[in-house]
Amino acid sequence: MFKQSELKKLEDLYAESGNQLVVLYGPMNCEKEKMIGAFIQDKKFFYYRARKASAKEQLAMMGEEISRQYDVRLQQNTYDEYFNRIKSGNPSKLVVVIDEFENIVKKDADFMESILKLKNRRLYPGPVMIILASSSIVFVEQDMHEMMSDVEKKCISAKIKVPNLNFLEVVRVFPEFSVSDTIKIYGVLGGVPGYLKYWDTKKNFKQNICDLILSEDGHLFQMAERIVSAELRELSVYNTILMAIAKGENKLNDLFHYTDYSRPKISVYMKNLSHFDIIEKVVSFETGGWDNAKKGVYRIKDTYINFYYKFVYPHLSDLYIMEPEEFYDIYIEKELDEYLNRYFMNVCMEYLSLLNQIRRLPLHVTKMGTLVGKTGNIDIIAQSTDRQNIVGLCNWEKPELTMDMCRELFESMKKAKITSKHIYLFSAKAFAPEVVELAKNDSRFELVDMNEL
């Protein structure tokens, strides 16, 4: 359960002539290890997973694995010697994987020097593909650049970031589920393979939430806090900020008043959370009505962390004294549909993107986004290079998409100073009869229900 597109990138790089040095990274639970396993299964390889250990102990552990795998006797115990003694045994390209390589780089500068020698055929004469893998986004995207020399950076053939699964890929994971049921799973776990694998298809939605998230022995119990604290210090500060954002305090000024932290302090912590792919700044789609758009709005990007800080973290006291089912009924069920509307919007955007790829939209879209207005929002705006628009309205929460919702959309479009000849109305449940009649008589409107999705 991993991104096949990233596996193909590795295969394409392997097929190239010469030696390659690839940095492969992604968040915890992206299952990059499964991807690496699939990649090396039909190849000659050496795999080493670095631990958090001293430089001396790391050398000793890698040396033991090389001695055992290649039946060689090592004398110098250096990375130069190690990479000199590895071999494929035939003319095929050897794959050398150092997983969680940041645990070595942080302690031993000699490691990267030996990696460069290996890539430049100064240690191993045959063709080799080196994969440096990491579960630390912060290290690869921030710390690594500060630690590496320009020469080392230039020697990297490719950096591949392993993304989470998109909605269509999650649908393929659960082919027995309806689109509606899959959206609910997607709105809680996102597309994280390491979470999705624990979802029990024989249990209903509520029972899975209770067993995985709300039970002390659940695989995802307090996983959100473990992820945040894995690389970010001062968990109490991050907990406060994330709970505030989950409550709707989504502007820097709002956070300043809510938390009592100084503005410079909040800015630093927000930057750290952004680097870690936990939060994101929502930039409204730029239109002629820019004055009506909110600027600098933040939201929690990581789906599971968003769910946790919205529903679980504020009520931890009750979580420990209530039965999971009771906690679910009181704190989750009532607001779940309102919460899921954002993820339904994401699915609708993905639907339009897929239609765009196969040229099934009335115009070719080159950018897509949303508009968060000071008064009124527009769920989806998709635009072509000549500034023609497709507008989307998404209804997950209400029993049906109504004419009043359409009127609100028209008012928001007026304030945003945009027009559109193509308006897609998405509804998870139903359309009001007046809306159905409108679509019959007005060619601008396209109704998309769950069956179409």
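Modeller: Start with helix 13 (residues 223-231), where M223, A224, E225, I227 and V228 are buried. Buried means under 20% relative accessible area, exposed over 50%, partly exposed in between (1.4 Å probe, protein chains only). Helices (H or I, at least four residues) and strands (E, at least two) are DSSP runs, numbered from the N terminus. The cover over the buried residues of helix 13 includes helix 11 (193-196), helix 14 (235-246), helix 17 (303-312) and helix 18 (316-321).

Some ground rules. This is a predicted model: local features need pLDDT of at least 70, side-chain atom pairs count only at pLDDT 80 or more, and totals for chains, interfaces and linings use all residues. Residues are numbered from 1 along each chain as its sequence is written, and side-chain values use heavy atoms, without hydrogens and water.

Take I213. Beyond neighbours within four places in sequence, I213 is in contact (heavy atoms within 4.5 Å) with V188, N208, L220, F221, Y304, F307 and V312.

Next, a charge. K93 sits in the loop between helix 4 (79-85) and strand 3 (94-99). K93 is buried but has no salt bridge (a Lys or Arg side-chain nitrogen within 4 Å of an Asp or Glu carboxyl oxygen). The nearest side chain of opposite charge, E16, is 7.0 Å away. Lys and Arg count as positive, Asp and Glu as negative; His and the chain ends are not counted. A polar atom of the K93 side chain lies 3.0 Å from the backbone oxygen of Y14. The side chains of K93 and Q20 make a polar contact at 2.8 Å (N or O atoms within 3.5 Å, one able to donate a hydrogen and the other to accept it; residues adjacent in sequence count only if both atoms are side-chain atoms).

Helix 4 also carries rings. Y79 and Y82 both lie in helix 4, three residues apart, about one turn. Both Y79 and Y82 are buried. Y79, Y82, F83 and F111 form one aromatic cluster. Rings of Phe, Tyr and Trp (its six-membered ring) pair with centres within 6.5 Å; planes under 30 degrees apart are stacked, over 60 edge-to-face, the rest tilted. The structure holds 25 such pairs. Y79 and Y82 are edge-to-face: 5.9 Å centre to centre, 85° between the planes.
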